[in-house]
Amino acid sequence: MATIRTGNRSALLIVDVQVGVVAAAGDISGQLDAIALAVRKARDAGVPVIWVQHDDEELPRGSADWQWVPALVPQVDDIRVYKQHNSSFEQTTLEAELAERGVAHIVLCGAVTGWCIRATAYAALERGYDLTLIGDGHIAKRLDTGEGAVVEADAIVREFNAVLPWLSYPGRRNRVVGAEELVW
């Protein structure tokens, strides 16, 4: 039986836009602008803003690489969630934070598309949340497949933007929109 969330609120979820996470992502100014716009729109509409921050042995908590990129900084009233796995739901307080606020719809943006954004998107849908991905607000890094081929970052973003709307889960809605199109 499918899990469907009974709340009626939305939340903006910003994942891993940290100095060390995006260091090799190239020019991400457009994505950062889109995320900043989504944050402003969420705050203006009174929508909870949740910042998910990764740490592990390669990205130690408190280190310079662990910090948020200077263009995006949480405010005191924003919610902070800390994770050590790709999915923002695994062994974190995220689900409790969403439940406390009656959230049934997650608007997702951040880094890195091929790992944490993808894992968080699938986990949200599997847990019964409706999902909107900000199509111009997620950051990828080029991927060396180890087989002499490279998948460029923009191809990873385009692929995920194309695939996500086709995912089908009972009773859930998922879509991709640009930050400009985002309406709360």
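## Terms and basis of the model

In this report, Ala, Val, Leu, Ile, Met, Phe, Trp, Tyr, Cys and Pro count as nonpolar, Asp, Glu, Lys and Arg count as charged, and the others, Gly among them, count as polar. The structure is a predicted model, in which local features need pLDDT of at least 70 and side-chain atom pairs count only at pLDDT 80 or more, while totals for chains, interfaces and linings use all residues. Residues are numbered from 1 along each chain as its sequence is written, and side-chain values use heavy atoms, with hydrogens and water left out.

## Overall architecture

The protein chain contains five helices and eight strands; these are DSSP runs numbered from the N terminus, with helices being H or I of at least four residues and strands being E of at least two. Along the sequence, the elements are arranged as β-α-α-β-β-α-β-α-β-β-β-α-β. The C-alpha trace spans about 45 × 35 × 30 Å along its principal axes.

Of the 184 residues in the protein chain, 51% are buried, where buried means under 20% relative accessible area, exposed over 50%, and partly exposed in between (1.4 Å probe, protein chains only). The accessible surface comes to about 9,000 Å², and 50% of it belongs to carbon and sulfur atoms; such areas come from the Shrake-Rupley method with a 1.4 Å probe, and for residues only the protein chains shown count as cover. Among contacts (heavy atoms within 4.5 Å) with a separation of 6 or more, 76% are between residues 24 or more positions apart.

Rolling a probe the size of a water molecule over the atoms shows where empty space is left. A pocket is an open set of points, on a 1 Å grid over the protein atoms alone, where a 1.4 Å probe fits, with protein on both sides within 12 Å along at least five of seven lines; lining residues have an atom within 4 Å of a point. Grid points are joined across faces, edges and corners, and a volume is the space filled by probe spheres set on the points.

The largest pocket holds about 330 Å³ of space. It is lined by 14 residues, of which V21, H54, D56, E58 and K141 are the closest to its centre. Helices α1 (19-22) and α4 (113-126) each contribute at least two residues to this lining, which divides into six nonpolar, three polar and five charged residues.

The second largest pocket has a volume of about 210 Å³. Its lining has 17 residues, and those closest to its centre are A104, H105, D130, L131 and R173. At least two lining residues come from each of β1 (9-15), β4 (103-111), β5 (130-139) and β8 (174-177), and the largest share, three residues, belongs to β5. Four nonpolar, seven polar and six charged residues make up the lining of the second largest pocket.

## D130 in strand β5

D130 lies in strand β5 and is buried, with a relative accessible area of 13%. Leaving aside neighbours within four places in sequence, D130 is in contact with A104, H105, I106, G171, R172 and R173. One of these, R172, is 42 residues from D130 in sequence, with a C-alpha to C-alpha distance of 5.2 Å.

The buried residues of α4 are T113, C116, I117, R118, T120, A121, A123, A124 and L125. The elements that cover them include β1, β3 (79-83), β4, β5, α5 (153-163) and β8.

After the helix comes G128, whose phi is positive, near 95 degrees.

## Positive phi in two loops

D16, which is not a glycine, has a positive phi of about 55 degrees. This residue is found in the loop between β1 and α1 and counts as buried, at 1% relative accessibility.

Q91, also other than glycine, has a positive phi near 55 degrees. Q91 sits in the loop between β3 and α3 (94-100) and is exposed, with a relative accessible area of 70%.
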